[in-house]
Amino acid sequence: MTDAAMKTLIVEDDTATRRGLEESIKDFGGEPHAVGTAKQAEAALKQFQPHLLIVDISLPDGDGLALLRAAREERPDLDAVVITGSSSIDHAIEALRAGVADYLLKPLRPAQLEAVFQRIAERRRLELEVDTLRTELQETGRLGDMLGRSKAMQGVFDSLRKVARTDAPVLITGPSGSGKEVAALTIHRLSRRAGKPFVAFNCGAVSPTLIESELFGHERGSFTGADKRRVGYFEEANGGTLFLDEITEMSAELQIRLLRVLEERTLRRVGGTQDLRLDVRLLSATNRDPLDAIRESKLREDLYYRLNVFPLWIPPLKERLDDIELLAEHFLREIEAKEKAGVQRWDPKAVDLLRAHVWPGNVRELRNIVHRAYILTEGSTIDARTVRGLLPDSLGEEYEPKKKARPPRRTPSRAARR
Amino acid sequence: MTAQNDSAEDRQEMSLRRFLHDLAAPLSAVSLHLETAVRRLQKGNDPTESLATAQRELERAFQLFESGRTKLMKDSEPAKGQR
């Protein structure tokens, strides 16, 4: 993604206003170029290639709206803001038809100008990010921090891109180490909430007695030891995305509370008396089969339906062996960039060994093996002997975890319904 | 008589529109340059140039206001005579 300043062409005949606009755009982080006539603007549109056009409707040698229409015919992606001293409704309608992003009345209010500019800049930044990510996906088998050229992962990427455009809750399932949190982060980064917080919380890593106050926050004095007010993860994520991992580790009482928060979109801190409005997208994950979890009373069925509006299954590494080389190369580059020990290559036979392994610990296990091989390697190439020494003796022997997570069935069986 | 009154009212409305339109330009410049001056001050930079421009534009607004007021009063005189 490029963070280049937004190139802004200002067309305003009043010299002092033009200079004021130029200074303001510069201060807002844009790259301004200002002209005073329609003719100068026509030339500048070609040479300067702006991302945003701020144009006064009344120009000494022409009509700002005609200039805008011609510019957008050439460049439909050009954002435009119209400035006028007249509050005529006809002008406003005409400007909207010409595709302006906003309409500012003179006298200009700097705060209004800044809000309009930043809104357009933020949208442009997100569009650029999405474009970059799409290109990465097509060219390098990469989507955000996720890697994979295998058919299985291309399917995941496709679902992920589609669901990222919405605000739907996503339940991500897949075995431990398969990259559920990375998938959640990628959804966030591709969504309209990308500029807002992404907060990840592992329900299995915090003592059950603490989860409630960690998630929902608490008021001072609400329990012994609560010596000051604490904002919970939900509030921290407001405007953005909250990722709840190991959702089935949450107690039944807390699941009811979570369900209420999701239904009412409000939250009350522990010991609090006021309901706070929330705008949080919830992504959740589990390495269990959620339907088994429902049967075992580990997950409330009503909550499951709330969370599982869009199910996303991340396959285990053994089902995407085509990605091993890509992942191994990526981890090696990543580790070398940090450690700088000069280990830069894989012996093809070492990669063959990686491909033959079953990977019960999935991508996380692969990363650890790469890191260990990196540490043990003395030259610039990781060889087969080093890798063989790191992989368990059971190479080739099928490893079956006690409870494999499989793609969840669409609905619970009748027996699972309460 | 009514047609004459209408046309006087139209003229007066046109004058008022033009007056407001003209006044909006220096007021825009004043607010933009004052805001720039504030940002410069906050960043520890010299705001003199922006303040000087704001002052000049405020003077221009006053002049436009004075001449607009004089013109509007003049425009309204024949209407008084017709009552």
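Predicted model: local features only at pLDDT ≥ 70, side-chain atom pairs only at ≥ 80, totals over all residues.
Is Gln49(A) buried or exposed, and how many other C-beta atoms lie within 10 Å?

**View 1. Gln49(A), a residue with positive phi in a loop.** Welcome to the loop between H2 and E3 of chain A, where Gln49(A) lies. Gln49(A) is exposed, because 12 other C-beta atoms lie within 10 Å of its own and 12 or fewer is the cut-off for that class. Its phi is near 50 degrees, a positive value in a residue other than glycine. To put that in context, most residues other than glycine have a negative phi.

**View 2. Trp359(A), a buried residue with positive phi.** Here we visit the loop between helix H14 (348-356) and helix H15 (362-376) of chain A, which holds Trp359(A). Phi of Trp359(A) is positive, at about 60 degrees, although the residue is not a glycine. Trp359(A) has 24 other C-beta atoms within 10 Å, and it counts as buried because the cut-off is 20 or more.

**View 3. The cis peptide bond between Lys106(A) and Pro107(A).** Take a look at the bond that joins Lys106(A) to Pro107(A): omega is about 0 degrees, and the peptide is cis. Most peptide bonds, by comparison, are trans. Pro107(A) is found in the loop between E7 and helix H5 (110-140) of chain A.

**View 4. An open, parallel sheet of 5 strands in chain A.** Reading across the sheet, the strands come in the order E2-E1-E3-E6-E7 (chain A). Strand E2 (31-35) and strand E7 (102-105) of chain A are the edge strands, each pairing on one side only. On average, and with direction ignored, neighbouring strands of this sheet are turned by 20 degrees against each other. As a reminder, strands of a sheet pair through backbone hydrogen bonds, either parallel or antiparallel.

E1(A) and E2(A) run parallel and are joined by 5 bridges. Within E2(A), Ala34(A) is the bridge partner of Ile10(A). E1(A) is mostly covered, with 4 of its 5 residues buried. Strand E6 (residues 79-84) of chain A pairs with E7(A), again in the parallel sense, over 4 bridges. Look for Ile83(A) here, whose bridge partner in E7(A) is Leu104(A).

**View 5. The contact between chain A and chain B.** This contact takes 16 residues from chain A and 15 residues from chain B. On the side of chain A that touches chain B, H1(A) gives the largest share, 8 residues. By class, the residues of that side of chain A divide into 5 nonpolar, 5 polar and 6 charged.

**View 6. Helices H6 and H7 of chain A packed against each other.** Helix H6 (residues 151-164) of chain A and helix H7 (residues 180-190) of chain A pack at an angle of about 45 degrees, and their axes are 8 Å apart. That angle is why H6(A) is described as oblique to H7(A). The crossing of H6(A) past H7(A) is right-handed. Leu160(A), Arg161(A), Val163(A) and Ala164(A) of H6(A) meet Ala183(A), Thr186(A), Ile187(A) and Leu190(A) of H7(A). The contact of H6(A) with H7(A) has 6 nonpolar, 1 polar and 1 charged residues.

**View 7. Helix H8 of chain A and what covers its buried residues.** In helix H8 (residues 208-216) of chain A, the buried residues include Ile211(A), Glu212(A), Ser213(A), Leu215(A) and Phe216(A). Their cover includes strand E11 (198-202), helix H9 (233-236), helix H10 (252-264) and strand E13 (266-267) of chain A. Gly217(A) follows H8(A), and its phi is positive, near 80 degrees.

Note on methods:
Residues numbered from 1 in each chain as written. Chains lettered and ligands numbered in written order. Pairing = 2+ DSSP bridges. Helix = DSSP H or I, 4+ residues; strand = E, 2+ residues; numbered from the N terminus. Axes fitted to C-alpha atoms, helices over the stretch in contact; angles between N-to-C directions. Parallel < 35°, antiparallel > 145°, perpendicular 65-115°, else oblique. Left-handed = near helix turned anticlockwise from the far one by under 90°. Contact = placed C-beta atoms within 7 Å. Nonpolar A, V, L, I, M, F, W, Y, C, P; charged D, E, K, R; others polar.
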